[in-house]
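Subject: Structure for you to look at

Hello,

I am passing on the structure we talked about. Please have a look at it first; my notes follow below.

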Amino acid sequence: MGVAQKGGVRMPGAGSRRHRHRSVLPFRAVPAEIRLLRQAAAAQLVRWGVPHVVEETELVVTELATNVIKHVGEGVVATLVLEWEGERLRVEVHDKSHAVPSLSAAHCDDECGRGLHLLAAVTVDWGAVLTVVGKSVWCEIALGSERACRRMERAAAVLEDYRTLCGVVVEGRLRDTALKASAVELIADLLHWTTACGLDPEDVLDRAQMHYEAEEDVAA
């Protein structure tokens with residue numbers, strides 16, 4: 001395992017009492033190490049006290065590390081950097097290639113393009129910059145109140161689409177009531193889906209509640 005860790009470094013933020021938490025994880029870009037890299041990143045987030053963003057971070061780490069293997073070369077040395085300051089967690093992967101990915105140039109049948117669109121969907125911002133030795137591809141994941149706002153926006157968009165799918169079109173003062181009813185129906189449908197997939201609905205609800213409570217604690 002080539003993942004080496006330098007975690008828990010705290011540096012005072014300029015003109016602020018906030019601290020910046022930074023972890024640097026060098027790794028070798030091979031499929032066998034991606035799982036270990038995810039585990040190392042998750043363990044670091046737990047130590048920092050932000051376990052509620054582990055799933056999103058693991059997804060981002062997987063996509064970024066996999067793109068290094070696909071587009072830079074299997075076996076090359078790269079570096080994962082996690083940096084938390086304020087209400088955002090920044091995830092960066094540095095490699096020695098100067099080829100910068102572009103979301104706008106990605107086609108629907110392009111695997112890399114799908115990965116970039118996925119990153120754009122689960123993060124609040126992302127980008128790529130050239131460095132002295134190559135490039136850095138970065139994503140930012142929301143924490144605290146910003147994360148809650150993003151969840152509210154996503155939920156409202158899903159409920160609007162679900163309402164249309166069910167053939168319920170209500171506007172004006174009854175719109176909020178219709179959305180609440182749609183929320184109940186959507187949750188019921190998701191429980192049916194989890195059961196059909198062999199999952200335990202109660203376990204899924206418990207995990208969702210844990211995520212919600214963890215985010216509420218951070219926002220408080």
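Accessible areas here come from the Shrake-Rupley method with a 1.4 Å probe. On that basis, the accessible surface of the protein comes to about 12900 Å², and 58% of this belongs to carbon and sulfur atoms. Please keep in mind that this is a predicted model.

Overall make-up

The protein has six helices and six strands. Along the sequence they follow the pattern β-β-α-α-β-β-α-β-β-α-α-α. Of the 220 residues, 35% are buried. Among contacts with a separation of 6 or more, 63% are between residues 24 or more positions apart.

Confidence

The average pLDDT of the protein is 79, and 73% of the residues score at least 70. Over residues 4-17 pLDDT stays under 50, and the model has 32 contacts beyond four places in sequence for them. Over residues 104-113 pLDDT also stays under 50, with seven contacts beyond four places in sequence in the model. Where pLDDT is low, the predicted coordinates should not be read in detail.

Strand 3 (residues 77-85) contains Leu80. Strand 3 runs antiparallel to strand 4 (residues 88-95), and seven bridges join the two. One of the residues to look at is Leu82, whose bridge partner in strand 4 is Val91. The hairpin of strand 3 and strand 4 has two residues between the strands, and Gly86 takes a positive phi near 70° there. Strand 4 is also joined to strand 6 (residues 135-142), by eight bridges and again antiparallel. On that side, Val91 has Cys139 of strand 6 as its bridge partner.

Leu80

Is Leu80 buried or exposed? Leu80 has a relative accessible area of 0%, so it counts as buried, the cut-off being under 20%.

Trp193, Leu199 and Val204 make a nonpolar surface patch of about 280 Å². Val204 belongs to helix 6 (residues 201-219). With a relative accessible area of 30%, Val204 is partly exposed.

Regards

Conventions:
Residues numbered from 1 in each chain as written. Predicted model: local features only at pLDDT ≥ 70, side-chain atom pairs only at ≥ 80, totals over all residues. Heavy atoms only, no water. Helix = DSSP H or I, 4+ residues; strand = E, 2+ residues; numbered from the N terminus. Buried < 20%, exposed > 50% of the residue type's maximum accessible area, 1.4 Å probe, protein only. Pairing = 2+ DSSP bridges. pLDDT = per-residue confidence, 0-100. Contact = heavy atoms within 4.5 Å. Patch = residues over 30% accessible without salt bridge, like charges linked within 9 Å, V, L, I, M, F, W, Y side chains within 5 Å. Salt bridge = Lys/Arg side-chain N within 4 Å of Asp/Glu carboxyl O.
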